[in-house]
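This report walks through selected features of a model with the sequence and structure at hand.

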Amino acid sequence: MILSAVLQPDNTMSRHQQRTPFKLPQNVVEVKSKFDAEYRRFALKRSGAGSFQEFYRLLQSVHHIPGTDLMLGYADIHGDLLPINNDDNFQKAVSSANPLLRIILTRKEDEPIVFATNSLQRRKKGLGLTGLRPNASGSTHQKNKPGLMIGLPQDFRQISSIIDVDILPESHRRVRLHKHGTRKPLGFYIRDGVSVRVTPQGVEKVPGVFISRLVRGGLAESTGLLGVNDEILEVNGIDVAGKSLDQVTDMMVANSHNLIVTVKPANQRNNVLPRGSKVSAGNASLGSGSTGSALSCDSPSPVSHSNPITASDSIAEGYSEEEDDDGDLIIENDNLSTYIPHNLHSSNNGNYSRDSLGRLGSVASSAPLAHSASMPSSFVTSTSDTSMTTVNQNGSPAHTASSSSQESMREDGNSITL
Amino acid sequence: MKRFRRHGQESQRDRLKQDLYQFNKTVEHGFPHQPSALGYSPSLQLLAIGTRSGAIKLYGAPGVEFMGLHDENAVVTRVHFLPFQLELVTLLDDNSLHMWTLRAHKGVSELLEIGRFTLTGPPGAPPSVTRVTSVLAHSSGELLLLGTEGGHVFVVEVPGFRELEERNISLDQVANSVPEDYIGRRNLEHVETLQENPVDPNQVVIGYGRGLMVVWDLEKHQAVQHIPATQQLESTWWTEDGGHILSSHSDGSYCRWTVGGQSSKDEEEKSDIPYGHFPCKAISKIVQLPTEEGPPFLLFSGGMPRASYGDRHCISVIHGKTHVALDFTSRIIDYFVIRDGPLHTGDPGALVVLVEEELVVIDLQTEGWPVIQTPYLVPLHSSAITCSHHVSAIPLKLWERLLAAGQLQITHYSPKPWPITGGQNLGQDPPQRDLLLTGHEDGTVRFWDASGVCLYPMYKLSTAGVFHTDADPNDNMNQCSEGEWPPFRKVGCFDPYSDDPRLGVQKIHLCKYSGYLTVAGTAGQILVLELNDEAAEQTVEAKIVDLLQGQEGFRWKGHTRLDVREEPVLFPPGFQPFALVQCQPPAVVTALTLHSEWKMVAFGTSHGFGLYDYQQKNSVLVKCTLNPSDQLAMEGPLSRVKSIKKSLRQSFRRIRRSRVSLRKHHVTNAAKLQEANARLEAELAEMELAPVQRKIEARSSEDSFTGLVRTLYFADTFLSDSSHNSASLWAGTNGGSVFAYMIRMPSVEHRADEPITAHPAKEIQLMHRAPVVAIVVLDGHGSPLPEPLEVAHDLARSPDMQASHQLLVVSEEQFKIFTLPKVSAKMKLKLTALDGSRVRRVGVAWFGSSRTADAGESGLVVLTNQGDLNVVSLPSVKMQVQHPCIRREDVSGIASCVFTKHGQGFYLISPSEFERFSLSARNVVEPRSLVEVPANATAASKRRAAPDGASADNGNARRDDADTGNKTKFNRHAPPNHRSTFNSLNVTLSCIKRTCHPTAAPSMLVFMSRRIISIVKCRDLISSAMYTHTHTHTHTHTHTHTHTHTHTHTHTHTHTHTHTHTHTHTHTHTHTHTLPSPPLTIYLPARVLSVALCVY
């Protein structure tokens, strides 16, 4: 499992507030800050909020904990827990308060909290900030990475991920681009082309759709997961074979807020290959045999074995979880207040109750870096039984092997950048 | 168990679907695009048109239509019916011949291709040897003569396409017999024409491109006569008496040559260049037809003076002293003349001209030769179609008023009925009256009767009268001045030139109950019109509505507003405008809807939308939807198209400038020129060589034209709370926004004076921001709200106002149902995300079950940008059926699609043709017609098959009243055993009797028309059929015994003496007049009712 987490300049995330009108007087921000079990409420002038240091000191005094080393986090409008550690993201936090600015304080000595997308469970965001990642995940993280010191992510959000590595043939890559919340353009172009397929009859040339250009500074380029001349095989789980360029374009645009593209990278050298195990040969046969084992540990839902590129749970989740366009903005004239409707979709609810277990697994698969690191084995070496055993043993030699492989893979992942 | 039950339900649903939905493309309305060939069968009375795309279309009586398509996508260059048969032959420009037939299947004729043939020359011969340049379907119905580019004539037996090599007429055979003095025996060139002698089927004239014409005897296989014309030959015409041949030539001349026994005396009798003195264009086709009394009709196409009128498309008709050059609107493809009389040998009745853009039929028997209005093949595109609107189930009252208004507009048409009457229309009368309205570029709205197979013009409304336009309305009238030569007369209605593009009609909405119509145009004008049976003179006041609402920083760069006439204008009976709204900026109106019950019109442009109360003539609401950063929306139409041109032009200008400067300081600037050149090249290369690529980007509010209003909808529903319903207006924009306004209306008694108010109630911004193409409110039963006044007229169930309503928002990408009054998403159907297609057109339709009369359900009919038709169920928004319908490349076809309320639809397959399709299993309008060989020919062919002559004749489809009278009279007198003979003699007006002498003597053919009896020998027609002679004896009031001594040529060169005994039954004394040589023609002073023939 590789997660590409890229630093996100602050200014690109600005101007969220345009979407939402404010009920409060424009210049006052309501602040609700939490430290352990204590809550403090106070107001802050939006314009004269001052610097991060001032705010830091203010919080210390409000909570009566002078001298304690604190880490500041706030919940943004998407329910993500994001850090406040400099003037820029402090300004950002203040400006995006909607209308409440929720602040979470933790002691520096404590286990680091995870700042990332989905770090707060969106389902519960209306219920207050109880949705911090369970401590367990942090602790497993620490257990797995005893010596490895990961610094505090300054301010980042997940913008992309590789998903479904366990069910895809290794020559393919399924990339999820998280468009929401950023003002960065998706930033790529597609074109028609000819794809060469190997069939029992021989080599066959079929029309295909390829990435033709990446826009500098765009989301696609910044992930490093997509490259020029990558062939597009699926869009959000739907095979694009036989579809015209315009159709594929429209499909991508229609899914643009949560785009999952399955590509066959032009550059196959960076593929995820299990290291140094002969069993990996089994992986070449599209992993159908080994998929089961991988699934057995993280996802109980059956996956079609006939088609290696099936729409996985995570894609299906992608629809329901992202609440793609139930995010319609509805303004009623009676109070003219804005609300983003909660999930009224009955089928969605059914989804949750039905396979919450599978959902957990796929949440994990799309979860932020730190979390995925908590159970790396299931993804990294998911395809070989031996690696499964190493995880179970959790012994140090095997462990180092797996972690080193993970490390090197991360290098691979990062080195894709063009 | 549960699963099993569910399965059962599914199959039940599938069965129900089969009862509800069925996809058919049923009929094509309008005029075929790019016609290329014309054919006519006088015996079948069918017209055939071939097109450049390889289609062949047959038309008879209104409603009788057939359509065929060649597998080859090649131009149809010739269409020939085989005489007296149901077959026709087409020649394509790939040199292939195709045999088509009208085969009856279950009582309905179908047009089928039954054979295909390509001439094969001798091995090694160049392709020109077999390249067919002219076709003659011989009157025997068994032979096809094919003249080729190499100058040969091939004889082919039909319908089997068997080459009769021994009968071919090779160029050598002809060339050898050409007299020495014919211009040094130069190459004769290709065979330009082939024509049969009307009185001697053995003789054909072969006209060669060089000018030589050879009269060839097919039986003797030798040339009979040479006609040495010296000009390039264009066409030939053998006069009906067989005595003369007319030839027309490329220099605009025509000649008349005598054909006769005096073999050497073949000089031209008369030669004329009708529009002479100055060089003229070719006369491409010449026709001469005799009239019963008086001079013949001479018709020819072309021949205009090259310099002054070379661009006109004319057919000149000369009859006695009358000479008219009919000036057509586009290139003449071909023409023919329909003749009166039972055998179509009488006076010319109508001239049928196929020009590139329309079919014109001219009545040659009414004074002034007026045009007969065509019931089909109407040029829909006489001005380009800009929009269309369909209204189902028109109340009879409105229908009649429309017809009456339309009748007043067609007074200049001929009163004669449509002359092409072949076939029988078996289609049922349409179940309801449907109206298709087309808006045109010239500001007209045309009303078509779209109930049945024929799209018949009913009424034409012009909106141009309200405005000042550049054009002088009397422009066309002044064209025909006295004494002009040639004597032009404009005919046809195809007029693609619009006076003012701003007049173009963009949206139409008609309320069929109240007779209110609203029409919106290119320059932001919205007219409200009312149907009035009387002419009225009135001033139309304009109300200017500023849609920008004072937004700063915008400057409209498009066209200006139309100038409204301030003085009263006289409007003819029909729809008369009484209110006018002009949008500011005057951008094209993109959405329009009318609520006749509330007397309001809502309209939208790319800048916003407005609500107008046409009773108080007052603007109720204006809403600007323009995005402040959207500059493109202010540019007006076409500016983007221009931009490529502009950039090119700028590049060239840059070069020119650098060249100019080069001259000034040529040393330093050489590099600059190179640089400019390189830049231009790079620009061009980028434009042409850049691969097609598409940007993948989420829609954003900053995109262009997000404020463009796509749809407007009136609904009486629950907007604020679930207990009070109120009037509301809904608007959907290109940027995925929906605006809802609550309309407060005063009580009925104060409707005229208290102002109406509208308040914003809801606003929905779809997250995917795709354009909103339709908004529908569903009532408590989940069915769409009825149209305004529909319930008041007891034509719809009143909507369920008890249960809660739902809102259906159709965007280009998905269908989404929201609850009302509190708007929250309930369910949705994604389209684009799943298969990449987008909604282009959508309509609500009622699908009746084909099985049970009153069962049925509402559905959404959807056309996607991929050209697929879908039905989406309501209110569950589930995909029901999907059918590919239009090619996805056919963008204009997809854009033109319009749905009916009963599951049918129309789309343009060419600028001039609507294809009609049906998704409903119950509502299908398709041509059902039967064509049979007329009884005379049937009788002949049956006799061939059954020599005893006992064939029963029951195939005669139609009879004139006079005939029926004849028949009864005859039957009364006739012995029963001769009944079949009499039948065959009497069938239809075209009485033709063939008998054969038992000893294979020449058969006699008796033609009878109203006042002429002609007796001609006929060999080939029924040579194979031996028919025992019949002695008929009738009791008549007067007996005229005509003993004629006829000279007949037979293939054995024997002279046979035939005694013909004709009993003629007339009302008056007969006066007989015999001609010395065959054919024998007897002219009678009174109408012949019947004739019998005895052969001794």
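Two strands count as paired if DSSP finds at least two bridges between them. Helices (H or I, at least four residues) and strands (E, at least two) are DSSP runs, numbered from the N terminus. This is a predicted model, in which local features need pLDDT of at least 70, side-chain atom pairs count only at pLDDT 80 or more, and totals for chains, interfaces and linings use all residues. Residues are numbered from 1 along each chain as its sequence is written, chains are lettered from A and ligands numbered from 1 in the order in which they are written, and side-chain values use heavy atoms, with hydrogens and water left out.

## Two sheets in chain B

In chain B, four strands make an open sheet with the order S2-S3-S4-S5 and antiparallel pairing. Strand S2 (35-41) and S5 of chain B are at the edges with a single partner strand each, so one side of each has no neighbour in the sheet. On average, neighbouring strands of this sheet are turned by 15° against each other, direction ignored; axes are lines fitted to C-alpha atoms, for helices over the stretch in contact, and angles run from 0 to 180 degrees between N-to-C directions.

S2(B) pairs with strand S3 (residues 46-51) of chain B in the antiparallel sense, over six bridges. In S3(B), B:Gly50 is the residue opposite B:Ala37. Strand S4 (residues 55-59) and strand S5 (residues 65-69) of chain B also run antiparallel, joined by five bridges. Here B:Leu58 has B:Phe66 in S5(B) as its bridge partner. S4(B) and S5(B) form a hairpin with five residues between them, and B:Gly63 in the turn has a positive phi of about 100°.

A second open sheet of chain B has four strands in the order S43-S44-S45-S46, with antiparallel pairing. Its edges are strand S43 (591-595) and strand S46 (618-624) of chain B; each has a single partner strand, so one side of each is left without a neighbour in the sheet. Neighbouring strands of this sheet are turned by 10° against each other on average, direction ignored. Six bridges link strand S45 (residues 608-613) of chain B to S46(B) in the antiparallel sense, and B:Tyr612 is opposite B:Ser619 in S46(B).

## Where chain A meets chain B

How many residues does each chain give to the contact? Chain A gives 42 residues and chain B gives 38 residues, where contact means heavy atoms within 4.5 Å. The area buried between the two chains is about 3500 Å², and carbon and sulfur atoms give 49% of this. Buried area is the accessible area (1.4 Å probe) that two parts lose on being put together, summed over both.

There are two salt bridges between chain A and chain B; a salt bridge is a side-chain nitrogen of Lys or Arg within 4 Å of a carboxyl oxygen of Asp or Glu. The elements that give two or more residues to the side of chain A that touches chain B are strand S9 (188-199), strand S10 (202-214), helix H5 (245-254) and strand S14 (329-332) of chain A. H5(A) gives the most to this side, with nine residues.

Strand pairing also crosses between the chains: S9(A) and strand S47 (residues 693-696) of chain B are antiparallel, with four bridges. The bridge partner of A:Phe188 in S47(B) is B:Ile696.

## Salt bridges

Over all chains, the structure holds 32 salt bridges. The table gives two pairs.

| Residues | Distance, N to O |
|---|---|
| B:Arg694 and A:Asp246 | 2.4 Å |
| A:Asp164 and A:Arg174 | 2.6 Å |

A:Asp164 lies in the loop between strand S7 (160-163) and strand S8 (173-178) of chain A and A:Arg174 in strand S8 of chain A, so this pair ties together parts that are 10 residues apart in sequence.

## Backbone details in chain B

Most residues other than glycine have a negative phi, and most peptide bonds are trans. B:Lys106, although not a glycine, has a positive phi of about 55°; B:Lys106 lies in the loop between strand S8 (96-105) and strand S9 (108-118) of chain B. The peptide bond from B:Gln584 to B:Pro585 is cis, with omega near 0°, and B:Pro585 is in the loop between strand S42 (574-584) and S43 of chain B. The bond from B:Leu820 to B:Pro821 is cis, with omega near 0°.
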